[in-house]
Amino acid sequence: MMSDYLNNITPDGLSGIIFAYEGIARSVVLLNGPTGCKFYHAATADNQTLKQFEFDPLNYPEEWYFGQPRVPCTYLDSGDYIYGSKSKLTEALRFIQDNVSFDLLCVVNSPGAALIGDDLTGIVRQLMCDKPVIIMETPGFSTDICMGYEAAVIELLKQLPLSKADGPELKTVNILGLSIYRKYYTGDIAEIRRLMALCDIRVNCVVCAECDQASLRSIPKAAVNIVLHPEYGLKTARYLQEQFNMPFIVCDGPPVGFFATEELMRKVCTLLDTDISDFMTDCEKARARVYSHISRINSLTGLPKGASFSVEGTYSELYAYTDFLVRYFAMIPNNISVLSGRCDSFKSQLIELLGSFGLERVLERDIMDSPGELVFASGNTIAKLKLQKHVFSGIEIALPSLGYIDVIPKTHIGIQGALMLTEQVINGLLF
C-alpha cells in the first residue's frame with residue numbers, strides 16, 4: 001500500500017540534500033533557515049557518522065551550532081523573513097571561516113528561506129572566495145528524500161570541478177545511490193569494497209556516503225558507475241553519462257541476497273573483463289553455511305517456508321527484499337508498503353515481480369492491519385505495530401531506528417548481507 005511519508009517520521013527532500021552533503025568527509029553543511037530545520041538533521045547525521053564522543057551541553061556552544069557538532073544554522077526568525085537573511089548568513093560564514101577547519105562548505109537554503117529572494121550565491125562567494133563552496137539555493141518543497149538527495153548530488157557535480165581523465169582507469173568503479181541515511185550504510189560500503197576486491201576491482205568513489213573532495217573530483221577516472229539504489233543514483237548516473245560518456249550498471253534494487261549479488265558481480269566482471277572465480281568461491285561457501293542452518297530448522301519446524309512477512313521501503317528496496325524472501329525462503333508477503341512513492345523508477349519491476357508470483361494484491365493492504373510474522377521496516381513502524389498489540393518479529397531495515405547501537409558494522413546487501421538476513425529470519429521466526 002502507498003504510504004504518505006508525511007504520516008511517518010520520514011525525511012523529505014531537504015533532508016536528502018543535507019544528508020548527501022553530510023556524507024562528504026571534512027565538509028560543513030550550513031543551513032540557512034530556522035532552528036526547527038536543524039535539530040533532526042544534525043542529530044541523525046551525528047548518529048550515523050559520530051563526531052561528538054560525549055553528550056556535554058557545553059560542547060559546541062556557539063549560536064550557530066546550538067550544542068550539536070553538525071549542520072550549523074542561521075536560526076532565521078520572522079524578522080529575517082521580512083528583511084532578509086544576509087546579516088545572519090554573513091555572520092555565520094565569517095565564524096565558520098575563522099573558527100572551523102574544513103575542506104568543503106555546503107550552504108543549503110531551507111524551503112522557507114528560498115522564498116526570501118536573497119542572492120545566496122553572491123553573499124557566499126563574496127565572503128568565501130578562497131574556499132571550495134557548494135550552494136543549494138532552492139530546494140524542493142515537500143519532495144521525497146531521494147529526489148532531494150539526487151538534486152544535491154547533481155548540483156555538487158556541476159559546481160565542483162571534476163578531473164577530466166584522458167581515459168578511464170581499468171578495473172575501477174564508482175558507487176552511486178548510497179546515503180548516510182541508509183541504516184547500515186557503513187557495512188554496505190565495506191561489503192561492496194570486499195566483493196569488488198575479490199574480483200580485483202578498485203572502488204574509486206562512494207559518492208556522498210564515504211568520500212572526500214579528492215575522490216569526488218576523480219569520479220570521471222572510473223571505468224564504470226554502479227547504481228546500487230536506483231531512486232538515489234539513476235539520475236546521477238545518467239548525468240555522468242551525458243557529461244563524461246561514463247557507462248553505468250543499475251542493480252535490480254539494492255543487491256539483497258545471493259541471486260541479486262551474483263547477478264551484479266557478473267555484470268560488473270563482464271563489463272570490466274575481470275575474473276569472478278574468487279567471488280563465486282566465497283559465495284558458494286556462504287550458501288553452504290546458510291543451507292545447513294535452514295535445512296536443520298526446516299526439518300524440525302517446516303520454517304521458514306510459508307511464513308508471512310511485510311516489508312516497507314522504496315520500490316527498488318521492496319523488489320530486492322521481496323525477491324529474496326520469496327524465492328530463497330519460500331515466504332509469503334502479507335503486505336508491501338511503498339514509501340517515497342513519487343520516486344517510481346522501479347515501480348514496473350516490482351509490479352512485474354509480484355505478478356509473477358500472483359501477489360499483486362499485497363500492494364493494496366495496509367501494513368497496520370496485517371503485518372505478518374516478520375516485519376521488515378523502520379523502527380518507527382515496528383514500534384507503532386507493537387503499540388497496536390500485533391504479534392510479530394520486527395527486523396529493522398531503515399531509519400528511524402528503535403535505538404539499537406551497532407558497534408560492529410552490519411549490512412543487508414551482498415554475501416554478508418544474505419548471511420545476516422538469514423540469521424534474522426530464522427531467529428525472528430523461532431523467538
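Buried here means under 20% relative accessible area. By that cut-off, Cys251 in this predicted model is buried, because its relative accessible area is 5%. Cys106 is buried too, with a relative accessibility of 0%.

Neither of these cysteines is paired up. A search of the whole structure turns up zero disulfides. For Cys106, the nearest cysteine sulfur belongs to Cys208, and it sits 8.1 Å away. For Cys251, the nearest one is that of Cys269, at 13 Å. A disulfide would need the two sulfur atoms within 2.5 Å, so Cys106, at 8.1 Å from the nearest cysteine sulfur, is in no disulfide.

## Helix α1, wrapped up

Helix α1 covers residues 13–22, and ten of its ten residues are buried, so the rest of the structure largely encloses it. Those residues run from Gly13, Leu14, Ser15, Gly16 and Ile17 on to Ile18, Phe19, Ala20, Tyr21 and Glu22. What do they pack against? On the strand side there are β1 (27–32), β2 (104–109) and β3 (133–136). The helices in the list are α2 (39–48), α5 (111–114) and α7 (145–159).

The N-terminal end of α1 has a cap: a side-chain oxygen of Asp12 lies 3.2 Å from the backbone nitrogen of Leu14. Leaving out residues up to four places away in sequence, His41 touches Leu14, Ser15, Ile18, Phe19 and Val71. His41 counts as buried because its relative accessibility is 6%.

## Tyr21 and the nonpolar cores

The largest nonpolar core has 111 residues, and Tyr21 and Phe376 are the ones touching the most other members. As for whole elements, helix α13 (residues 315–329) gives the most to this core, with nine residues. Another core, of 20 residues, lies apart from it and includes Tyr65, Leu93, Phe95 and Val133.

Which residues does Tyr21 touch, not counting residues up to four places away in sequence? Cys106 is one of them, along with Val108, Ser27 and Val29. The list also takes in Ile134, Met136, Ala152, Glu155 and Leu156. So the Cys106 that is in no disulfide is a contact of Tyr21, and Cys106 is buried at 0% relative accessibility.

One runs from Leu303 to Pro304, with omega near 5°. Pro304 belongs to the loop between α12 (277–301) and β8 (308–313). The other runs from Leu399 to Pro400, with omega near 0°, and Pro400 is in the loop between β11 (393–398) and α16 (414–430).

Positive phi also shows up away from glycine. Arg26 has phi near 55° and sits in the loop between α1 and β1. Ser340 has a positive phi of about 50°, and its loop is the one between β9 (332–338) and α14 (347–357).

Are these two residues buried or exposed? Arg26 is partly exposed, with a relative accessible area of 43%. Ser340, on the other hand, counts as buried, at 5% relative accessibility.

Note on methods
Residues numbered from 1 in each chain as written. Predicted model: local features only at pLDDT ≥ 70, side-chain atom pairs only at ≥ 80, totals over all residues. Heavy atoms only, no water. Buried < 20%, exposed > 50% of the residue type's maximum accessible area, 1.4 Å probe, protein only. Helix = DSSP H or I, 4+ residues; strand = E, 2+ residues; numbered from the N terminus. Contact = heavy atoms within 4.5 Å. Polar contact = N/O pair within 3.5 Å; in protein donor to acceptor, adjacent residues only side chain to side chain. Core = buried A, V, L, I, M, F, W, Y, C linked by side-chain atoms within 4.5 Å.
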